[in-house]
Amino acid sequence: MTVKESTSENLFADVQGRHARREDTISTVAAGTLEAIEVSAWFSGNLVLEDVSLVMPASKVTALIGPSGCGKSTFLRILNRMHESTPGAQLGGEVLLDGEDIYARHQRVTEVRKRIGMVFQKPNPFPAMSIGENVVAGLALAHVKVSKERRGEIIETCLTRSGLWTEVKDRLATPGGALSGGQQQRLCIARALAVEPEILLMDEPCSALDPASTFVIEQTIQELSGEVTIVIVTHNMQQAARVSEQTAFFLAAQGEPGGIVESGSTAQIFDDPQDPRTADYVHGRFG
Amino acid sequence: MSGAGAPQLLEEDRPTRGKPRTIERGLSRSDRVFRGSSTGVGIFVLVVTGSIGLFLGLQSIPTFRHYGFSFFTQTNWQPERDQIGIAAVLVGTVEVALVAICVGIPLAMSLALFITEYAPRKLKSWMVSAVDLMAAVPSILYGLWGFFLLQPHAKYLARWLSQYLGWIPIFKVSTDPNAAVWQQSAYTSSVFITGIAVSMMVIPLACAVMRGVFDETPMGEREAALALSGTRFGVIRTVVLPFGRGGIIGGSMLALGRALGETIVVLMIISPAYDIKIRILEAGGQTISALIAGNFGNATSAQLSALLTAGFVLFVITLGVNFFAATVIRKSRSGALTEI
């Protein structure tokens, strides 16, 4: 009981208004370095991703870019063990969260996913639930019990952090599915934040959204960085340049498994790429 | 006159602003033939169903004239004493169907959830065919199963229920369940045992409807629940059941419609008794369909009319239940809200 209480207290301590947090981001920095070591992936025996190693530093935004079908999304789904829920999917290598392999025998998949949240390409709020219920749905799924007041606080905090609070605070009881696409996506971000993940994976979170909603979500990502580690898959190179500190470029040659061509600081990847293929891609010559 | 008419027609044909245009659909010949024949078949099916209802309705007019409203209040079915009514059999019909639903629906739902959520892919297809096969077993075999295999065991369950839950009126039996030599025949041929046997026949139907709806649960919502550290059961609770609610209700109602009309199993197991009884564990009872099947062979024309009237009542009830079920299933394609 005390453990559960403390979870929600942490969260509340984390709130105290957006402004206070912005001035003092360092105190709320969460642990959460993710490191992939020689990760490979197969679908029904076909190798689709080969020997990917990448460090995703804590409290930073890492962007994964590359053309379609190069394994970015597969790689992302390996990072929170969603890959294994696909029939016929296999993987090799290790993924370390703060030095511990998330695929180790003693690791429980539910616990891993609680620490590593995910936002999908297509907004997927639970349509049968209200906006408020959607935000705290993860707590029920993770069997975290909270009092009614705490629930209200969590809803406000998370919606504030995802930049949706002012738009929906007067209609928390209305269905989450009635929101616009961009609002739904921010609701999904709020929902992912409610379980206090150390890492947030985003799989092309803006590809189904209009430019205005994309802008708001990018703002949200920037405000979240410094608090949680973010790994974002994107097709949009400008977006990667705008929001990320680190970038990894994925590429798959025809009929070959995908892999990382080059990774490093975003500035370096975009301004001074070492590999000619990276240069071609970031300058829009293919893909 | 005709010369002035032709250009005027063309004038009307020309699209004008703010007025809807008539558009030629231009169906091809094969489309028109197919549309015509499928419309014809559809109408034919409706006409057949409608004529069944009409026939039964017309046949029941003499009975309603003769007995009036007492047809619904009289419990006895004794044509020789001019006492005919469906009060008892109507109650019996509903009771058997409700027992079948109470036993069958939880089983069908667990089965559907196991098949869609837990079963490995190979087992899944195997189980789907097995359940479909359950629907293909002739009802007479379920009757034999119920009489020779189920009943000898179910009477112990019936006695146990009356021992511990006998204070609830429906589980009461007129004999002493705790007697050293308990009266076994009091617990056989009951609504309860008949209902269990009928439940086996409604499981495949209910399971198929529920499975269909559960399978349609959007992948995005499932993954959302999984990514929020949900267990498989968490996914079922948060996503699958809310999405499939219409299918659960609709499947149950379709099963209810099926159970209301089940005949041969009832005829084989239940011992006919024409009094309104709520004690489902006790021997004796009757349903409309078993009444008709049992008395059809040696009925006089007046008795036949009475049986057809009972059939008409059953027809109206099952039609209503099925119509309601179909409406619920049709309206339940939830999850549409998640589309953007």
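## Before you start

This is a predicted model, where local features need pLDDT of at least 70, side-chain atom pairs count only at pLDDT 80 or more, and totals for chains, interfaces and linings use all residues. Residues are numbered from 1 along each chain as its sequence is written, chains are lettered from A and ligands numbered from 1 in the order in which they are written, and side-chain values use heavy atoms, with hydrogens and water left out.

## Chain B as a whole

Let's begin with chain B, which has 13 helices and two strands (helices are DSSP runs of H or I with at least four residues, strands are runs of E with at least two, and both are numbered from the N terminus). Its radius of gyration is 27 Å, well over the 20 Å that the globule rule gives for 340 residues, so chain B is more spread out than a compact globule. That radius is taken over C-alpha atoms, and the rule is 2.2 Å times the number of residues to the power 0.38.

Along the principal axes, the C-alpha atoms of chain B fill a box of roughly 100 × 65 × 30 Å. Of the 340 residues in chain B, 43% are buried. Here buried means under 20% relative accessible area, exposed means over 50%, and partly exposed is in between, using a 1.4 Å probe and protein chains only.

## Salt bridges

Across all chains there are 14 salt bridges, each one a side-chain nitrogen of Lys or Arg within 4 Å of a carboxyl oxygen of Asp or Glu. In one of them, A:R242 pairs with A:E218, and the closest N and O atoms are 2.6 Å apart. A:R242 sits in helix α10 (residues 237–243) of chain A and A:E218 in helix α9 (residues 211–224) of chain A, so this pair ties together parts 24 residues apart in sequence. A:E218 is buried at 5% relative accessible area, while A:R242 is partly exposed at 44%.

Another salt bridge joins A:R115 and A:D98, at 3.7 Å from N to O. This one links distant parts of the chain, 17 residues apart: A:R115 is in helix α4 (residues 109–115) of chain A, and A:D98 is in the loop between β4 (89–97) and β5 (100–101) of chain A. Both are partly exposed, with relative accessible areas of 24% for A:R115 and 38% for A:D98. Over in chain B, the side chains of B:R279 and B:E282 meet in a salt bridge of 3.3 Å, N to O. B:R279 is partly exposed at 28% relative accessible area, and B:E282 counts as buried at 13%. Back in chain A, salt bridges with shared partners join A:D98, A:R115 and A:E198 into one network.

Most residues other than glycine have a negative phi. Which value does phi of A:E38 come near? It is near 45 degrees, a positive value in a residue other than glycine, and A:E38 is placed in strand β1 (residues 34–43) of chain A.

A:R81 also has a positive phi, near 60 degrees, and is a residue other than glycine. You'll find A:R81 in the loop between α3 (72–79) and β4 of chain A, where A:R81 is buried with a relative accessible area of 11%.
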